[in-house]
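Trainee: Could you take me through the charged and aromatic side-chain contacts, one careful step at a time?

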Amino acid sequence: MNWEQAVMWLRDQPDQGELVRACFYDDPLIEAARRYYESAEWVAVRELLPRQLGQALDVGAGRGISSYALARDGWKVAALEPDSGAVVGAGAIRSLCREAQLDVNVVQEWGERLPFADSTFDLVHCRQSLHHARDLRQLCREIGRVLRQGGTFIATREHVISRKADLPEFLRNHPLHHLYGGENAYLLDEYKDAIQSGGIRLTRVLNPLQSEINLYPETLTGAKRQIAARVALPFPALIPDLALALLGNFVRQPGRLYSFVGTRVSNG
């Protein structure tokens, strides 16, 4: 199967409705996009974005939900998506933006060869995209090339493993990898090194328990409740966010989610 066929298979499974909604794979697409725009995940992402609006590139845009959110917030958006599909590809993004009456430039190309001039964008946004890279360092170099000096880079919900030997376990447990073979995960240091190779200085590295972004559709409040239940604490709300963030450094589950924020430090 290709990626779109794998998603269609997932949507047809009667016991996977909750996962389909959590991944925003449900239809109507415009309702899924609106739900994403109102989600705790996007609220948290928005807090990391520059206050000054400008040109944004959404790499690996998928169904277009983050391109939709950026455009609704006032960014002038280019959505990069190599797949042409009408459900999870460029066709879906075009249909969504047409229905929402949003002006988004949809470009079908791979991130390792971005068809844009140097220093074009004020923001490069990647949602669940870096771990799909065929060449992670080349992708990050291209991102750095098209990002203006002082521009913002943000990559969210990227799969992390602690050691290479953990990758087969992650792939074995992924609900779609056995169908289309397109999933991957990298070591945390591999992400950092690749991002920095693009001339991007990392300013935030958010671990699995440090942000609603990595937890969604779970929440920080829900995570505190789970931790409190394990250690019999009567008042989970009293667990400080700092403690949750510290605990996140000890999560070792293969494929756990991290997010990265950085600034382009030099274009020369």
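Mentor: A residue is called buried when its relative accessible area is under 20%, exposed when it is over 50%, and partly exposed in between, using a 1.4 Å probe and protein chains only. This is a predicted model, in which local features need pLDDT of at least 70 and side-chain atom pairs count only at pLDDT 80 or more, while totals for chains, interfaces and linings use all residues. Residues are numbered from 1 along each chain as its sequence is written, and side-chain values use heavy atoms, with hydrogens and water left out.

Let us begin with the charges. A salt bridge is a side-chain nitrogen of Lys or Arg within 4 Å of a carboxyl oxygen of Asp or Glu, and the structure holds 17 of them. One of these joins Asp-118 to Arg-145, with the closest N and O atoms 2.8 Å apart. Asp-118 lies in the loop between strand 3 (104–107) and strand 4 (121–127), whereas Arg-145 belongs to helix 7 (residues 136–146), so the pair ties together parts that are 27 residues apart in sequence; here helices (H or I, at least four residues) and strands (E, at least two) are DSSP runs, numbered from the N terminus. Asp-118 is exposed, at a relative accessible area of 52%, while Arg-145 is partly exposed, at 23%.

Another salt bridge links Asp-26 with Arg-35, where the closest N and O atoms are 2.9 Å apart, and both of these residues are buried. In the bridge between Arg-163 and Asp-166 the corresponding separation is 3.1 Å; Arg-163 counts as exposed, at 52% relative accessibility, but Asp-166 is buried, at 9%. Salt bridges that share partners also join Arg-11, Asp-27 and Arg-63 into one network.

Now for the rings. Rings of Phe, Tyr and Trp (its six-membered ring) pair if their centres lie within 6.5 Å, and planes under 30 degrees apart count as stacked, over 60 as edge-to-face and the rest as tilted. A search of the whole structure finds nine aromatic pairs. Among them, Phe-24 and Tyr-36 are edge-to-face, 5.3 Å centre to centre with 85° between the planes. Phe-24 sits in the loop between helix 2 (17–22) and helix 3 (29–37), and Tyr-36 in helix 3, so this pair ties together parts that are twelve residues apart in sequence. Both Phe-24 and Tyr-36 are buried, and together with Trp-42 and Tyr-216 they form one aromatic cluster.
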